[in-house]
Amino acid sequence: MEIRARLSLNMRRLRQSKGWSQEEFAHEAGLHRTYVSDLERGARNPTITVVDKLATALGVNVGALPDELEDS
């Protein structure tokens with residue numbers, strides 16, 4: 001699976017495991033909800049700064065975010 005697709009899938013899974021809506025997640029990460037939606041659909045390429053914000057909000061390491069909860 002391509003890295004952007006893994007990031008999108010795992011980001012959504014981690015967000016849902018916290019019981020957060022996209023709006024709540026966006027607020028925690030300091031991003032706009034539509035941007036989070038675009039990321040979860042794989043429609044945008046986030047910068048490393050954005051990936052850091054996402055990982056921090058989700059409580060995971062930046063490097064682990066694309067691999068977190070990856071399907072085997």
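**R15 and E40.** I looked up burial for this pair first. R15 is buried, and E40 is buried too. I take buried as under 20% relative accessible area, exposed as over 50% and partly exposed as in between, with a 1.4 Å probe and protein chains only. The model is predicted, so I asked pLDDT of at least 70 for local features and 80 or more for side-chain atom pairs, while totals for chains, interfaces and linings use all residues. Residues are numbered from 1 along each chain as its sequence is written, and side-chain values use heavy atoms, with hydrogens and water left out.

I then checked how the two side chains meet. R15 and E40 form a salt bridge at 2.6 Å, N to O. R15 sits in helix α1 and E40 in helix α3, so the pair ties together parts that are 25 residues apart in sequence. My salt-bridge rule is a side-chain nitrogen of Lys or Arg within 4 Å of a carboxyl oxygen of Asp or Glu. Helices are DSSP runs of H or I with at least four residues, strands are E runs of at least two, and both are numbered from the N terminus.

**Other salt bridges.** How many salt bridges does the rule give? The count is four. I found D38 in two of the listed pairs: with R41 at 2.3 Å, N to O, and with R44 at 2.9 Å, N to O. Salt bridges that share partners also join R12, R15 and E40 into one network. D38 itself is buried at 16% relative accessible area. R41 is exposed at 56%, and R44 counts as partly exposed at 40%.

R13 is in helix α1 and is partly exposed, with a relative accessible area of 27%. R13 and E40 are 27 residues apart in sequence, and their C-alpha atoms are 9.8 Å apart. R6 also belongs to α1, which spans residues 3–17. R6 is buried, at 16% relative accessible area. Its side chain reaches the backbone oxygen of P66 at 3.4 Å. I count a polar contact as a pair of N or O atoms within 3.5 Å; within protein, one must be able to donate a hydrogen and the other to accept it, and residues adjacent in sequence count only if both atoms are side-chain atoms.

**Helix α3.** Is α3 enclosed or open? Six of the eight residues of α3 are buried, so the helix is largely enclosed by the rest of the structure. I listed them as Y35, V36, S37, D38, L39 and E40. These buried residues pack against α1, α2 and α4, with contact taken as heavy atoms within 4.5 Å. Just after α3, G42 has a positive phi of about 75°.

**The core.** I went to the largest nonpolar core next. It has 19 residues, and F25, L31, L54, L58 and L65 touch the most other members. Two or more residues come from each of α1, α2 (22–29), α3 (33–40) and α4 (48–58). The largest share, six residues, comes from α4. A nonpolar core here is a set of buried Ala, Val, Leu, Ile, Met, Phe, Trp, Tyr and Cys residues joined through side-chain atoms within 4.5 Å.

**F25.** F25 is buried, at 0% relative accessible area. Leaving aside residues up to four places away in sequence, F25 touches M11, R15, W20, V36, E40, L54, A57 and L58. Which aromatic pairs turn up? A search of the whole structure finds one. The rings of W20 and F25 have centres 6.0 Å apart and planes at 25°, so the pair is stacked. The rule pairs rings of Phe, Tyr and Trp (its six-membered ring) with centres within 6.5 Å; planes under 30 degrees apart are stacked, over 60 edge-to-face and the rest tilted.

**Helix α4.** G59 follows α4, with a positive phi near 75°.
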